[in-house]
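Have a look at the sequence and the structure first, and then we'll go through the packing together.

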Amino acid sequence: MEYMTREFEQFISEDIDRSEFITDWLASKGVKSSVVFIDGKKHVLVQFDSGAYDPSFRIKTVVAHHDRVSGSPGANDNSAAVWQIMNWAVWLNSYRGFHNVRIFFTDGEELGWNTGISEQGAFGIASTFQRLGIKDDVYVFDACGRGEIPVLAKINLGAKVPESFTRQVYDLHGRTQNLLAKASPGRWMTLPVPYSDNASFLACGIPAVAITVLPADEASLYARQINSSRSLEDSVLNREASKIRRIEENIPDYSYKEHLPYTWRLFHTKSDNLTSLTKSSFAVMESILMCLANAKTPA
C-alpha cells in the first residue's frame with residue numbers, strides 16, 4: 001500500500017472536498033459508496049453487495065474520520081487511515097466469500113475536542129444505530145500513518161455503566177487484542193489514547209474500540225510516563241479527577257501535553273504533513289486490515 005502518490009498528495013491538499021474525493025476515487029476503482037448527511041455532516045458510507053454479508057456473524061463497522069483541523073494538512077490525523085481503508089475497500093470488493101465489513105468515513109470528529117461528544121459527527125451515526133437497534137462491532141482507526149507499533153486504546157467507560165454493556169465492550173476489546181497479536185506478533189500495546197469517534201458509539205451503548213499507531217520509541221517512552229505519572233492517564237482520557245488534581249497542585253492545563261508522544265503533538269499543526277509519515281505504518285495497517293477482514297464472530 002503506497003502513500004507517496006500524487007493522489008494522496010491531492011487528498012491532503014488544502015482546498016480539496018474530501019468526501020467528494022473519497023467517493024470519486026472509490027468509484028474509479030469500482031467500489032460503491034454514498035454521502036450520508038446527518039446533522040449537517042457529510043459522512044461517506046461504503047457498503048458492499050449482499051454476498052459480502054452473512055447474518056450468522058457480527059457486522060464489523062470500520063470508522064475513520066475524514067475531516068481535519070483548518071490549517072493542518074492532517075496527513076496523519078486522519079488522512080493516512082482514510083487512505084489505508086480506501087485501498088482496503090478496493091481489496092474487499094473482490095473478496096471471496098463474505099467479510100461482513102461496512103465502512104464509514106466520518107465528518108466532524110475534530111469538533112468533539114472542544115464542544116463535547118454529542119457534537120462529533122459520528123454521534124449522529126451512533127444515535128441512528130441505537131435507534132435502529134444495530135449492535136455492530138465498531139473499529140475506529142485514527143492516526144495510523146506514523147510508526148510501527150499498533151496501539152489499542154485502553155477501556156475507559158466511566159461510572160454507572162450497565163454490567164451487560166461492560167461485558168460487551170471487554171469482549172470486543174479482547175478479540176481486538178487477539179487480532180493485533182495475530183497481525184503484529186509481539187509488537188502491539190494497550191495504552192491510554194485520547195477519544196476518537198469510538199466515544200460517540202460508546203456513549204450510545206454500542207461496543208467500540210480505537211486503534212492508532214506509534215513509533216516504537218515513542219510508545220515505549222509513553223508507557224513509562226504513564227506508569228510513573230498518576231495524572232497523565234487521567235489527562236489523556238479527560239477524566240474529571242485530572243482537572244481537580246491539576247487545580248489542587250497548581251499545574252497548568254497544558255503541562256501534561258509535554259509527556260505525550262511526539263506524534264500526537266504534531267496533530268492540528270502544519271507539521272502533520274506528508275514527510276511525517278512512515279512507510280512501516282502502512283505495512284502494519286495492511287496486515288491489521290487483512291486480519292480484520294478474515295475475522296468472523298458468531299452473531
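## Around Trp25

Setting aside the residues within four places of it in sequence, Trp25 is in contact with Glu7, Trp83, Met86, Asn87 and Val90, where contact means heavy atoms within 4.5 Å. This is a predicted model, so local features need pLDDT of at least 70 and side-chain atom pairs count only at pLDDT 80 or more, while totals for chains, interfaces and linings use all residues. Residues are numbered from 1 along each chain as its sequence is written, and side-chain values use heavy atoms, with hydrogens and water left out.

Trp25 sits in helix H2; helices here are DSSP runs of H or I with at least four residues, strands are runs of E with at least two, and both are numbered from the N terminus. From C-alpha to C-alpha, Trp25 is 8.9 Å from Glu7, and the two are 18 residues apart in sequence. Trp25 also belongs to one aromatic cluster with Phe8 and Trp83.

Which other residues of H2 are buried? Along with Trp25, the list has Arg18, Ser19, Phe21, Ile22, Thr23 and Leu26. They pack against H1, strand S1 (34-38), strand S2 (41-46), H3 and strand S4 (101-106). After H2 comes Gly30, with a positive phi near 85°.

Now for the neighbouring helix. The axes of H2 (residues 18-28) and H3 (residues 75-92) come within 10 Å and cross at roughly 25°. That makes H2 roughly parallel to H3, a label for angles under 35 degrees. On the H2 side, Arg18, Phe21, Ile22, Trp25 and Leu26 meet residues of H3 including Ser79, Val82, Trp83 and Met86. Sorted by type, the residues of this contact are nine nonpolar, two polar and one charged.

Aromatic rings turn up elsewhere too: the structure holds nine aromatic pairs, meaning rings of Phe, Tyr and Trp (its six-membered ring) with centres within 6.5 Å. One of them joins Tyr3 and Phe282, at 4.4 Å centre to centre with 15° between the planes, and is stacked, as planes under 30 degrees apart are. Tyr3 lies in the segment before helix H1 (6-11) and Phe282 in helix H12 (residues 279-294), so the pair ties together parts 279 residues apart in sequence.

| Residue | Relative accessibility |
|---|---|
| Trp25 | 7% |
| Tyr3 | 8% |
| Phe282 | 1% |

Key: Axes fitted to C-alpha atoms, helices over the stretch in contact; angles between N-to-C directions. Parallel < 35°, antiparallel > 145°, perpendicular 65-115°, else oblique. Nonpolar A, V, L, I, M, F, W, Y, C, P; charged D, E, K, R; others polar. Buried < 20%, exposed > 50% of the residue type's maximum accessible area, 1.4 Å probe, protein only. Phe/Tyr/Trp six-rings, centres within 6.5 Å; stacked < 30°, edge-to-face > 60°.
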